[in-house]
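Here is a short walk through one protein model. Keep the sequence and the 3D view at hand as you read.

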Amino acid sequence: MFLQTPAATSNTNAEAMKQMGFENLMQNFDWLGWVVFVTLVAMSFLSWYFIIANGIRNATVKARADKVIDGFWGNGSTQDAIRELEAQPKGEPFSKIALEAASAMAHHQQSTTGTTGRLAESLSRSEFIDRALRQAVARESMKLEGGMTLLATVGSAAPFVGLLGTVWGIYHALIGIAATGNASMNAVAGPVGEALIMTAFGLFAAIPALFAYNFFNRSNRVVYARFDEFANDLHDFFATGSRIESAK
């Protein structure tokens with residue numbers, strides 16, 4: 001029996017390492033490998049889409065919040081303040097909350113001056129405005145939740161999807177060894193490379209999504225608190241005619 005020379009062994013190992021590359025992986029995918037790969041790519045693409053979209057949206061909301069709130073309270077005329085709110089961009093949430101309160105007050109006043117006054121009998125102005133503000137805050141809060149479920153799903157599920165590809169690659173390696181009786185590097189490099197690459201894909205999809213979910217969850221809680229604070233001030237203003245300043 002002839003022994004392999006060091007040069008021959010080196011060449012064999014080099015050829016085996018080439019089988020662990022991404023190009024070789026794409027050429028040897030079976031149907032399950034393609035399903036796992038496409039799923040991970042879709043997860044990564046969607047998570048990055050919502051990471052970018054939510055980042056831009058949250059930054060825009062925070063950047064405009066003080067301007068919108070201070071502009072409303074600093075305006076001497078309620079009608080002028082409402083016109084300024086109506087001129088705000090469509091996606092600006094604080095202006096939409098204030099406009100909802102103003103609309104609720106106007107609608108209640110029209111109902112109380114009507115012939116029946118049924119709305120005034122069933123709900124006071126304070127209750128009517130409070131209900132409108134709760135609905136507006138809930139609606140704007142839900143808009144900030146866009147993509148959060150997907151980020152949480154990718155962050156928790158992507159490693160397991162990658163693990164499925166890992167298990168499948170190792171299974172292929174064991175099948176190859178059992179069929180040929182050859183446990184050399186050439187025989188197992190391809191399936192093992194597939195397993196390792198699938199694990200990496202799962203982590204690459206999950207880690208950014210997980211960090212983004214935690215970041216946006218914290219960021220949204222801060223915005224929700226400002227929604228509630230602004231809504232309480234709006235309720236006092238439209239229900240009583242004046243803003244109740246909180247002690248600081």
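A residue is called buried under 20% relative accessible area, exposed over 50% and partly exposed in between, with a 1.4 Å probe and only protein chains counted. This is a predicted model, in which local features need pLDDT of at least 70, side-chain atom pairs count only at pLDDT 80 or more, and totals for chains, interfaces and linings use all residues. Residues are numbered from 1 along each chain as its sequence is written, and side-chain values use heavy atoms, with hydrogens and water left out.

Start with the whole chain. The chain has 9 helices and 0 strands. Helices (H or I, at least four residues) and strands (E, at least two) are DSSP runs, numbered from the N terminus. Along the sequence the pattern reads α-α-α-α-α-α-α-α-α. Of the 248 residues, 36% count as buried.

Now turn to the aromatic rings. A pair of aromatic rings is described by the distance of the centres and the angle of the planes. Here rings of Phe, Tyr and Trp (its six-membered ring) pair if their centres lie within 6.5 Å; planes under 30 degrees apart are stacked, those over 60 are edge-to-face, and the rest are tilted. The structure holds 13 aromatic pairs. One of them joins Trp-34 and Phe-37: the ring centres are 6.0 Å apart and the planes stand at 80 degrees, so the pair is edge-to-face. Both residues sit in helix H3 (residues 31-74), and because they are 3 residues apart, about one helical turn separates them. Trp-34 is partly exposed, at 34% relative accessibility. Phe-37 is buried, at 12%.

Phe-237 and Phe-238 also make an edge-to-face pair, with 5.1 Å from centre to centre and 80 degrees between the planes. Phe-237 has a relative accessible area of 19%, so it is buried. Phe-238 is buried too, at 2%.

How exposed is Trp-48? Its relative accessibility is 42%, so Trp-48 counts as partly exposed. Together with Ile-52 and Ile-56, Trp-48 forms a nonpolar patch on the surface, with about 320 Å² of accessible area in total. Such patches are made of residues with over 30% relative accessible area and no salt bridge; nonpolar side chains (Val, Leu, Ile, Met, Phe, Trp, Tyr) are joined within 5 Å, like charges within 9 Å. The areas come from the Shrake-Rupley method with a 1.4 Å probe, and for residues only the protein chains shown count as cover.

Next come the charges. Side chains of opposite charge can pair when their charged atoms come close. A salt bridge is a side-chain nitrogen of Lys or Arg within 4 Å of a carboxyl oxygen of Asp or Glu. The whole structure has 6 salt bridges.

Look at helix H4 (residues 78-86), where Asp-80 and Arg-83 are 3 residues apart and thus separated by about one helical turn. They form a salt bridge, and their closest N and O atoms are 2.1 Å apart. Asp-80 is partly exposed at 32%, and Arg-83 is partly exposed at 48%. Which residues of H4 are buried? They are Ala-81, Ile-82 and Leu-85. Seen down the axis of H4, these buried residues fall within an arc of 100 degrees, so they line one face of the helix. The arc is that of the directions from the helix axis to the C-beta atoms.

Move on to helix H7 (residues 125-144), in which Asp-130 and Arg-134 are 4 residues apart, about one helical turn. A salt bridge joins Asp-130 to Arg-134, with 2.9 Å between the closest N and O atoms. Asp-130 is partly exposed at 28%, whereas Arg-134 is exposed at 59%. The C-alpha atom of Asp-130 is 8.6 Å from that of Asn-232, 102 residues away along the chain.

One more salt bridge pairs Glu-140 with Arg-139, the closest N and O atoms lying 3.6 Å apart. Glu-140 is buried, at 3%, while Arg-139 is partly exposed, at 34%.
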